[in-house]
Amino acid sequence: MTETNELQPTPEVEAAETQVTPAPIEETQAVESKFETKEQVVDRLKEIEEENSGGDKNELDMLKQVFYKLHRAAQAAARNAFIEQGGAPEDWRAEIDGAEENFKAIMANIRQRRATIAEEVEKQKADNLARKLAIIERIKELATSPEEANAHFDEFKKLQAEWRELGAVPAERATETWKNYQLYVEQFYDLLKLNSEAREYDFKKNLSAKERLIELAEQLANEEDVIAAFNKLQGLHAEYKEIGPVAKELREQVWERFKAASTVINKRHQEHFEAIKAREEENLQKKTALCEQVEDIKLDEITSYAKWEELTQQIIALQAEWKTIGFASHKQNTIIFDRFRAACDRFFTAKAEYYRSIKDEQNANLEKKRQLVEEAEALQDSTEWRKTSEKLIELQKQWKTIGTVPRKYSEQLWKRFTAACDHFFEAKNEATADQRAEEKENLEAKRSIIEQLRQLTTDTANATLDHVRDLQAKWNEIGHVPFREKDKLYREYRALADELYRQFGATQARRRLEGFQKSVRQAVAKGESTLGRERERLLRIFETRKAEVQTYENNLTFLNAKSRNGNTLVAEMNRKVEKLREELDLLSSKIKTVEAEMRAPKAEQQAAPEAPEAPEAAAEEPAEE
């Protein structure tokens, strides 16, 4: 086996190149937990600026993200406070933020420094490239013949050492440069005629160096900081690439051991970011749920201050909960935040609009209640007790129908309104105290008359029409009674009086009929002509009364009992109809008496004892109205 084969590009080098490609690192959550205010972020930027090293790009990106998250949160809080105080969302303007100005200025300085450093790095890479190309050319010259190779072995080793000390070259030339270097190094080894001792020594030295790197890689498995362990592994891989080959029989074994140690670190690194991704996805789901809670609020169903305040507290609680949830993925974090802010803005905008509309309505109610207060105060000294009482009661009813007014005016107006009403009613109570006492005395007097009438209805033997009329006269002489008792008391009195008159009317009708029968028998002695005239007279009166009954009944069909005084008028007409019907019954009985006498045999009329002569036509008693 020749040495040429030992330095050909091996699988271990190619695999190492694929393993060491670093992944982008985002540890926003870790950075976020260190800063609670924008000023703290600015202070950290100042430290980076003072270091004059340009800082780490990942840290700068995370500081920028944290700063503007805090900045947006402060602006959102200021905007919500503006809206809650009644301001229109479109009128809100953000104030100039001094912290933001400092942040931008320092960040600009850091960017400028980073640009300068980047220029220097690129210049250094260009210099490194020029030197490495020169080394490649020199090795190429040394590898022209076996003699040259053996003669210049020491120079070759120095060139290799110098190559390892040189830094990176421009990325677009790195692979090409490395491949050319490897090519001519292998050609040199192919030409190099080293004895076995030198070759074994070189292999052992390389083996020792690689085993040291492998041990360091295996120790990284215990490193708590996964990111730091991964970054250190990249450095070990870079060193591993620069070390020469080992004995061929050990080459695969050494590489597998190094690869196994690298796999552990790479797996931890991958699991670390998968866990971050899972947490970000979980955070996105939690934030989406909060968005949906705010979006599901039906704004058109909120119709009271209490409900608006209840929902406001709920949203404030959701906003506080939002702050406890970590970041979502970089791509989704801004989108979900904008969605949540839009939902909250929609709520607070609607709340502000509702408060404005309520404010307009309350101002209108304020004017209405002020007018009622002025009317009540204008009436408070009136002595028209009944009329003013009705007016104030009506004003109180109107007051209840008017909605709320601004809180700062509510109690003041209510005190003025109630004071005016109380002033009037207290004066009325003082002025009408004697009148109420008199009304109570009148009430007891009328109740006494009602009781006497009730006794007469059960003691018909001692009841007389004069007695009833005397009690009625006393009733009419008694003054007013309390208004609430008036109608009930009169209905009771009227019912008893009507019952007594009905009893007296039946007795009187019977007496009148008996008297008429007696006068008819006395008139028989004068002949049939007298009875005939009496019958015709009674028939004329009967038809007249019958026509009156018909007239009253027709009028009753046109009366509306629901109209004012309608019940009283109907009752009065029914009473008159009843009296006319009683009179018709009496007239019918009288006519039957006359006709019976006219049908009696002549002999019976002549045999009858002579009675005193009666007037030609008995005067009929007028019907009682």
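Let me begin with a pair of helices, α14 and α15, whose crossing is left-handed. Please keep in mind throughout that this is a predicted model. The two helices, α14 and α15, pack with their axes 10 Å apart and at an angle of about 165°; since angles over 145 degrees count as roughly antiparallel, α14 and α15 are therefore described as roughly antiparallel to each other. At this contact, Lys369, Leu372, Val373, Glu375, Ala376 and Leu379 of α14 meet a set of residues in α15 that includes Thr388, Leu392, Leu395 and Trp399.

Turning to α15 itself, which runs over residues 385–401, its 17 residues should span 24 Å at 1.5 Å a residue, and the 25 Å between its end C-alpha atoms agrees with that. Which residues of α15 are buried? They are Thr388, Ser389, Leu392, Leu395 and Trp399, and because they cover an arc of only 125° around the axis, they lie on the same side of α15. What covers these buried residues includes α14 and also α16, residues 407–431. On the other side of α15 we find exposed residues, namely Arg386, Lys387, Glu390, Lys397, Lys400 and Thr401.

Conventions:
Residues are numbered from 1 along each chain as its sequence is written. This is a predicted model: local features need pLDDT of at least 70, side-chain atom pairs count only at pLDDT 80 or more; totals for chains, interfaces and linings use all residues. Side-chain values use heavy atoms; hydrogens and water are left out. Helices (H or I, at least four residues) and strands (E, at least two) are DSSP runs, numbered from the N terminus. The expected span of a helix is 1.5 Å times one less than its number of residues. Buried means under 20% relative accessible area, exposed over 50%, partly exposed in between (1.4 Å probe, protein chains only). The arc is that of the directions from the helix axis to the C-beta atoms. Contact means heavy atoms within 4.5 Å. Axes are lines fitted to C-alpha atoms, for helices over the stretch in contact, and angles run from 0 to 180 degrees between N-to-C directions. Angles under 35 degrees count as roughly parallel, over 145 as roughly antiparallel, 65 to 115 as roughly perpendicular and the rest as oblique. A crossing is left-handed if the near helix is turned anticlockwise from the far one by less than a right angle, and right-handed if clockwise.
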